[in-house]
Amino acid sequence: MITQELNRGWYIQPCMGESWKVKTDIPCSVLHAMLDAKLAPDPFYRKNEYEVRELLDQDFCYTLYFTPQKEVLAQQYAELVFYGLDTLADIRLNGEFLGMVDNMHRTWHFPVSGRLKAGENCLEIVFHSSLRYIREKGQDAIVHYVAKGCIRGNNFLRKAHCMFGWDWGPQLPDTGIWRPVELNAFSGARLADVHVEQRHNKGTVSLQVDIQLDELPGSNKNTVCCVLTSPSGDTMQAQEEPNTGKTSVSFTVAAPQLWWPNTYGEQPLYTLRVELWGENGQVQDVWQKQIGLRELTVSREKDEWGEEFCFQVNGVKIFAMGADYVPEDNVITRVTPERTQRLLKDCAIANFNSIRVWGGGYYPDDWFYDACDRLGLIVWQDAMFACNVYRMDAAFEENIRAELRDNLVRIRHHACLGLVCGNNEMELGWVEWPDVVTHHPALKADYIKQFEYVIPQEMEQNAPGVFYWPSSPSSGGSFDEPNAENRGDVQYWDVWHGMKPFTDYEKFYFRFCSEFGFESFPGRRTVETFTEFDDHNIFSPVMESHQKNGAANGLIMYYISSYYRYPKDFENLLYISQLLQAEAIRHGVEHWRRNRGRCMGAIYWQLNDCWPVASWASIDYFGRWKALHYYARRFFAPRMVTAKAEGTELRLWVHNDSRAVLKGLVEVELRDTAYTLLAHTMVSVQIQPLSVQQLDVIDFAGEMQEHAQDTIFAAYRLCVEGADSAYASVLFCRPKQMRLPQPFYTVRVEEEDENFAIYVKSDCYAHQVELETELTDSPFSDNDFPLCTPQGVCVTLAKNGVAPEVTAEQLQKSLFVRSVADTY
């Protein structure tokens, strides 16, 4: 097959009114082009969102003049392929109407054989206003539910729902060509479909490669050649001649190199190349992908508590640790492979082994799944249906079936793909949400048809080896207690929306928590990108505009009043909000990990932001780590110690979420805030793989007769094979009740081969020390940590994360240090 890219030299202009015209390459949305050409203000700055939103309430035209290659014109068949059109558009070639599109999640094909001209051709795409469309559709009284922060009527359009707003995102329904355009042509035959199935046996893996051809009339004899290349470069080859356009090729891999999730093993990838040869032996078409050899499913075994829900990889039950991923930018054509790779690498660094793609955005680009394959991140993939009520007429059913086929075929070969989930929260909505349950029963029946009939059919036909789950949360479907504690997955929000204390997590032993979260503000440097100095009050109009969760700023203040003292200024309020968020999520994760076997997943809401905003994210829009992401690196560590103080007692658990025995020591120190050592304990431990063990309770009642709870802390760490981990600390009261002395910090920076080593000390205990520098957005090796001993800590910063000319002295001067005692 011959492919001619049609991505360069497009013109974008409004269909009526304004007379501007911009030349650009695609992918490029209308808003992206307008921002680059300075035709619109930055929608993320202050309250510009609302002005820019209205600019999108019109139609826009994309025009390309191109000359088909001679080789294209010489073929029997040619088609235009659009990998992403957002969303409502009419397409014309040389003035002739080819068709209309109405789904941004699909790949669109339009035959153009006999319609192409030698010489210059004109391709024109008119995008109609999605705002106007949903405004009209939103008048439908039959469907009245609207997700928080969203524009009514968004459920009638197959477009990323969050582009119409959410309780963390702006209302900026951009439009345009968001993925590449190609002109494809062939004669005889081409590869239409390649599906790979794995069968794992003891010591071997059998691969069956099913191949489907598109054959034109008069097609001659064809041959399919498959080559499997191992990670070490060894190859296996097989050939077959298709019969009636179909054939299968099989391989048996001895001593297979298995793919494992992050921290459980390596991620070796095999390359599978399928070539279609014509009668003369020439290569007609090629399909090439990387695959990982693994068995990956979800176990739902019955047990003493009910029914488990956990990922099982190569026979090993995995405790899923990760976060929920949302679109990385409201202007989605600004998302690049490099940006996504950085975000996902930050997940792997923080010991994630899983990531959930939330259903209110879009199916990510191929590079997202490629990165998850390489990094060992199991993908929980929602289908793109979230927090909405859908009408299942024939046209909608046909549209979503095509959408599912396109995306399932595209992603099903990936080693990382753990499950596909039908929707986000809609089964729960039909059971518990007053604004949903009041709809007509026919719409509830439509729900069952869509998520328990149509999508399962498409899964069986297009991705039969992938586990399907009807909704999140769910106990398995049919409105049967969708948020039940002892089966299926749960979304738990009483800590935050319900204003419950952090300890409320400890009341529940969910089998798999796929959503739970707590908000914070982004850091000062991020806030300064969208504010002026006069906006630096969390209740200012601008700060409240960058808070889409209603009264959430007040909710943050409520929780601060419960755990911390009132911050003395705006910047310290931002910092304390992040510690609050991190501590909340830590309570939940550590509790569920202590109950490994009963609980098998903690996926917090959310990983990232689509714009600079107060939200539940652990990494902000600019890729800057909040305190939560540093905490995640610690509370997702496969081998770690967790602690809980109750009265005068200290309880400790040792976690071993690896496939090897853990042998080491747990060291515990009781100190006062002047670093005076009051008690010291060393415990030898040997923990079996994939398990957790509680140690004997340590009672400090004697020490506490002479030292008040608000002046002491316990420091603890895990020492394994001479590699002593950093101290963590636990308080015997809430931070606001501690009598924390004002620390005096000493910071020294030394240059190493690839890193800067940053040595941080203080003259007294410092609770949750934050380092900050203007010289980089790259993360430190650790941050938001306690200083528990006079020796202090050493953290590193990669040299490739700062400008080459930065010296150790410059970095040292730029560092700002604070802890909780500095905030009031």
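Tutor: Let's start with exposure: a residue is buried under 20% relative accessible area, exposed over 50%, and partly exposed in between (1.4 Å probe, protein chains only). Cys 794 is partly exposed, with a relative accessible area of 39%, while Cys 372 is buried at 0%. Keep in mind that this is a predicted model, where local features need pLDDT of at least 70, side-chain atom pairs count only at pLDDT 80 or more, and totals for chains, interfaces and linings use all residues. Residues are numbered from 1 along each chain as its sequence is written, and side-chain values use heavy atoms, leaving out hydrogens and water.

Student: How many disulfides does a search of the whole structure find?
Tutor: A disulfide is a covalent bond between the sulfur atoms of two cysteines. Here the test is a pair of cysteine sulfur atoms within 2.5 Å, and the search finds 0.

Student: What does Phe 82 touch?
Tutor: Contact means heavy atoms within 4.5 Å. Leaving aside neighbours within four places in sequence, Phe 82 is in contact with residues including Ile 91, Trp 108, Phe 110 and Ile 125.
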